[in-house]
Amino acid sequence: MTTTGTADSLTMHGMCSDHFAGGEIIRDTFAKIGDKWSLLILGMLEDAPLRFTALRDSVPGISHRMLTLTLRNLERDGLVSRTVFAAVPPRVEYAVTPLGATILPAVKALAMWALEHSDEIRGNRDLFDDRLQGTTAS
């Protein structure tokens, strides 16, 4: 996919417009990596490959099934690799691929943004919830 480099093609509207072929792939990619677990898993794999159990233990709240499904999707998209070692019992490690590594700066920037704004976000949620409760109590 190539772009003409116009200012409009660099906006979200321009990238996703009907005349621009990227809309579908952008939506699909956002759906895949924008789920509850994918970015967190990619970030956990940044420093070194991890075995399934170590990865599950490092991702708070994820179930065995959800980790399996998410890793399969990340592997399918080429963002994570799965290596099986011949041992008894078999040992499997997951690692970020070179393609997956290209998204890590954005993942870390998003994580830092969330940490930096967590108090403000919590405060806004509390205000919203209080306002919502006030309208339902009437």
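Helix 8 gives the second largest pocket the largest share of its lining, four residues. Helix 8 spans 118–137. Helices here are DSSP runs of H or I with at least four residues, strands are E runs of at least two, and both are numbered from the N terminus.

Some ground rules. This is a predicted model, where local features need pLDDT of at least 70, side-chain atom pairs count only at pLDDT 80 or more, and totals for chains, interfaces and linings use all residues. Residues are numbered from 1 along each chain as its sequence is written, and side-chain values use heavy atoms, with hydrogens and water left out.

Stay with the second largest pocket. Its volume is about 150 Å³. A pocket is an open set of points on a 1 Å grid over the protein atoms alone, where a 1.4 Å probe fits, with protein on both sides within 12 Å along at least five of seven lines. Lining residues have an atom within 4 Å of a point. Points are joined across faces, edges and corners, and the volume is the space filled by probe spheres set on them.

Which residues line the second largest pocket? Ala111, Ala114, Leu115, Ser118, Ile121, Arg122 and Arg125. Helix 7 and helix 8 each supply at least two of the lining residues. By class, the lining has four nonpolar, one polar and two charged residues. Nonpolar means Ala, Val, Leu, Ile, Met, Phe, Trp, Tyr, Cys and Pro; charged means Asp, Glu, Lys and Arg; the others, Gly among them, are polar.

Now the largest pocket. It holds about 290 Å³ of space. Fifteen residues line it, and the closest to its centre are Leu39, Leu40, Gly43, Val107 and Ala111. Helix 7 (104–116) brings the largest share, five residues. Helix 3 (38–44) and helix 7 each contribute at least two. The lining splits into eight nonpolar, two polar and five charged residues.

Next, Ser38. Ser38 sits in helix 3. Is Ser38 buried or exposed? Buried, with a relative accessible area of 1%. The cut-offs are under 20% for buried, over 50% for exposed and partly exposed in between, with a 1.4 Å probe and protein chains only. Leaving out residues up to four places away in sequence, Ser38 touches Lys32, Ile33, Thr70 and Leu74. Contact means heavy atoms within 4.5 Å.

Last, the strands. Strand 2 (residues 80–85) and strand 3 (residues 91–96) pair antiparallel over six bridges. Pairing takes at least two DSSP bridges between two strands. Val84 has Val92 in strand 3 as its bridge partner. Five residues make the hairpin that joins strand 2 to strand 3.
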